[in-house]
Amino acid sequence: MDRIDSGVATLGLFRRETTRSLEAEAIGSVAPQELMRRAGTAVARLALALAPHARRVWIAAGPGNNGGDGLEAALQLHQWGKDVGVLLVGDAAALPADAAAALARARDGGVAVDVHAGRLGRDDVAIDALLGIGASRAPKGRLAATVRTLNGLDCPVLAIDVPSGLDVDTGRPFGPDCVRARDTLALLTLKPGLFTADGRDMAGRVWLDALGIDIAGRRPDAWLAGIAAGRSKAMRPHAAHKGSFGDVAVVGGASGMLGAALLAARAAHAAGAGRVYVGLLGAPRGAGLDPQRPELMFRPGWCNEPADVLAATTVVCGCGGGDAVHKVLPRLLSLVRWLVLDADALNAVAADSALQSMLVARARRGLQTVLTPHPLEAARLLDINTDDVQADRLGAAQALAERYAATVVLKGSGSIVAAPGRVPVLGATGNAALASAGTGDVLAGWLGGLWAQADQASEDSGFVSAWRAVIDHGAAAEPQAPGALRAADLVEVLYKRLRQG
């Protein structure tokens with residue numbers, strides 16, 4: 001059993017249907033009811049580890065095999081000397097065969113069934129075994145009432161496989177009643193909904209027990225990537241010079257929005273790009289100085305540089321670009337080989353079918369693009385609403401990637417990196433401290449700085465740079481502290497983490 005947190009390397013994530021297929025194979029490979037016994041034992045062990053001083057354990061068991069896992073855990077905990085009570089929410093006569101057998105064993109073993117929660121102390125523990133991965137709609141009736149009971153307890157709640165009421169594929173609650181667990185024990189596979197959208201809040205700390213089943217060779221529906229999957233901190237060769245680490249140009253900073261461009265440029269510089277240009281939009285040529293980072297080179301009108309200059313530079317476009325960005329996008333889309341589009345550049349593309357066509361054509365010409373939308377910008381690009389994006393973040397990110405033939409970073413809780421024909425990557429790092437103005441500009445700049453130093457001859461350099469930037473960006477906000485992480489401070493934290501190795 002392993003704790004799954006931001007420190008992981010890469011782990012496979014499996015949707016509901018894939019997990020069901022793997023589960024069916026696993027059940028066929030072991031003795032009858034063995035998999036459920038293993039699940040119950042894993043739950044019981046984790047419950048004891050999380051609440052070693054618990055006197056009482058209350059288990060809310062539902063009408064399916066998730067309830068059977070809870071009943072097996074109840075029997076184990078009872079045999080280990082705990083005061084265990086089970087509330088069976090459902091018709092005992094209609095239980096699936098394995099769950100019915102688990103109920104019979106629990107009763108024969110002396111476990112008290114049909115016990116309501118009563119008063120549980122802070123050191124006690126409750127187990128959510130109501131609904132498993134098969135749930136497809138909001139809990140109703142007694143199930144919904146029991147969810148509310150679980151959420152009203154003073155003691156910690158451990159969810160089996162998934163907090164009841166949460167969609168394991170999308171991380172969105174099916175309705176108003178969803179268990180908010182302190183811990184969730186995923187069984188056999190990790191599910192994407194535990195790590196994106198509302199799933200991170202509902203699941204709490206996530207653990208995995210594969211139940212002794214080896215699924216290492218199976219293609220996942222997504223990858224979860226954490227700090228251990230980050231880029232190498234190799235030392236630079238002594239003979240290197242600033243030209244060895246690529247050039248970045250940040251195009252943005254229209255009137256009144258200079259700060260966004262500065263944040264992106266500072267981030268690209270901190271990431272290690274050899275030279276960083278700030279191509280201000282709407283500012284007089286030759287003007288501009290960042291007193292905190294005088295190394296940044298201001299080039300208003302940079303987009304008018306010769307074509308070979310544009311082709312040799314990694315460009316981050318859109319940060320504070322306003323309406324002025326629309327005018328420069330055609331030239332950038334035509335000439336830049338490595339292009340990050342953020343913020344106002346994305347809004348310009350969403351509103352102009354000609355720019356959309358130019359964007360799609362880039363891939364056919366061997367030019368790479370990374371789009372970095374937040375959910376509202378993604379909705380505009382897909383011509384849907386934000387709720388539709390958030391209802392299936394993995395699906396929305398992949399749809400954007402396929403539609404625009406580009407790598408896509410869909411920002412938010414559990415940021416997702418998708419690209420055409422690739423298994424998407426979900427970032428395991430980050431928290432709500434990043435919900436602060438300007439942090440998206442920092443991500444775009446950091447991505448550009450990493451990409452400028454990558455092997456840009458590789459056709460997946462943008463995709464790899466994107467998910468590594470997402471991991472770095474999120475890790476800089478950890479451990480979470482009260483309040484927001486200010487964007488300018490975020491740049492400095494990213495730089496210090498990089499320098500510390």
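Colleague: Leaving aside neighbours within four places in sequence, which residues is leucine 329 in contact with?

Modeller: In this predicted model, leucine 329 is in contact with Cys317, Leu341, Ala345, Ala348, Val349 and Leu355, and what makes each of these a contact is that heavy atoms lie within 4.5 Å.

Colleague: What makes up the largest nonpolar core, and which of its residues have the most contacts inside it?

Modeller: The largest nonpolar core has 61 residues, and those with the most contacts inside it are Cys317, Leu329, Leu332 and Leu341. The largest share of this core, six residues, is supplied by helix α14, which runs over residues 393-404. As a general background, nonpolar side chains in soluble globular proteins tend to be buried together.

Colleague: How many disulfides does a search of the whole structure find?

Modeller: The search of the whole structure finds zero disulfides. Cysteine 303, for instance, is in no disulfide, the nearest cysteine sulfur being that of cysteine 317 at 6.5 Å, whereas a disulfide needs two cysteine sulfur atoms within 2.5 Å.

Colleague: How do you know that the sulfur of cysteine 319 is too far from the closest cysteine sulfur for a bond?

Modeller: The closest cysteine sulfur, in cysteine 317, is 8.1 Å away from the sulfur of cysteine 319, and because the cut-off is 2.5 Å, this is too far for a bond.

Colleague: Why are cysteine 303 and cysteine 319 called buried?

Modeller: The word is used for a relative accessible area under 20%; cysteine 303 has 7% and cysteine 319 has 0%, so each of them counts as buried.

Colleague: What makes arginine 16 and aspartate 169 a salt bridge?

Modeller: Their side chains meet with a nitrogen-to-oxygen distance of 3.2 Å, and because the cut-off for such a pair is 4 Å, the name applies. This pair links distant parts of the chain, with arginine 16 in helix α1 (residues 16-29) and aspartate 169 in the loop between β7 (157-160) and β8 (183-187), 153 residues apart. Arginine 16 is buried, as is aspartate 169. The structure holds 20 salt bridges.

Colleague: How far apart are the closest N and O atoms of arginine 148 and aspartate 177?

Modeller: They are 3.1 Å apart, and the two residues form a salt bridge. Here too distant parts of the chain are linked, since arginine 148 lies in helix α5 (residues 141-151) and aspartate 177 in the loop between β7 and β8, 29 residues apart. Arginine 148, with a relative accessible area of 47%, is partly exposed, while aspartate 177, at 16%, falls under 20% and therefore counts as buried.

Colleague: Why can aspartate 198 and arginine 172 be said to tie together parts of the chain?

Modeller: A salt bridge joins aspartate 198 to arginine 172, with the closest N and O atoms 3.1 Å apart. Aspartate 198 is in the loop between β8 and α6 (199-203) and arginine 172 is in the loop between β7 and β8, so the pair ties together parts that are 26 residues apart in sequence. Aspartate 198 has a relative accessible area of 28% and arginine 172 one of 26%, so both count as partly exposed, lying between the cut-offs of 20% and 50%.

Colleague: What makes the charged end of arginine 236 sit over the ring of phenylalanine 245?

Modeller: The charged end of arginine 236 is 3.5 Å from the centre of that ring, and the rule asks for a distance within 6 Å together with a position within 35 degrees of the ring normal. The charged end of arginine 3 likewise sits over the ring of tryptophan 207, 5.8 Å from its centre.

Colleague: Why is aspartate 455 called exposed?

Modeller: Aspartate 455, which lies in the loop between α15 and α16 (461-475), has 56% relative accessibility, and because this is over 50%, the residue counts as exposed. By contrast, threonine 439, found in helix α15 (residues 439-453), is buried with a relative accessible area of 6%.

Terms used: Residues are numbered from 1 along each chain as its sequence is written. This is a predicted model: local features need pLDDT of at least 70, side-chain atom pairs count only at pLDDT 80 or more; totals for chains, interfaces and linings use all residues. Side-chain values use heavy atoms; hydrogens and water are left out. A nonpolar core is a set of buried Ala, Val, Leu, Ile, Met, Phe, Trp, Tyr and Cys residues joined through side-chain atoms within 4.5 Å. Buried means under 20% relative accessible area, exposed over 50%, partly exposed in between (1.4 Å probe, protein chains only). Helices (H or I, at least four residues) and strands (E, at least two) are DSSP runs, numbered from the N terminus.
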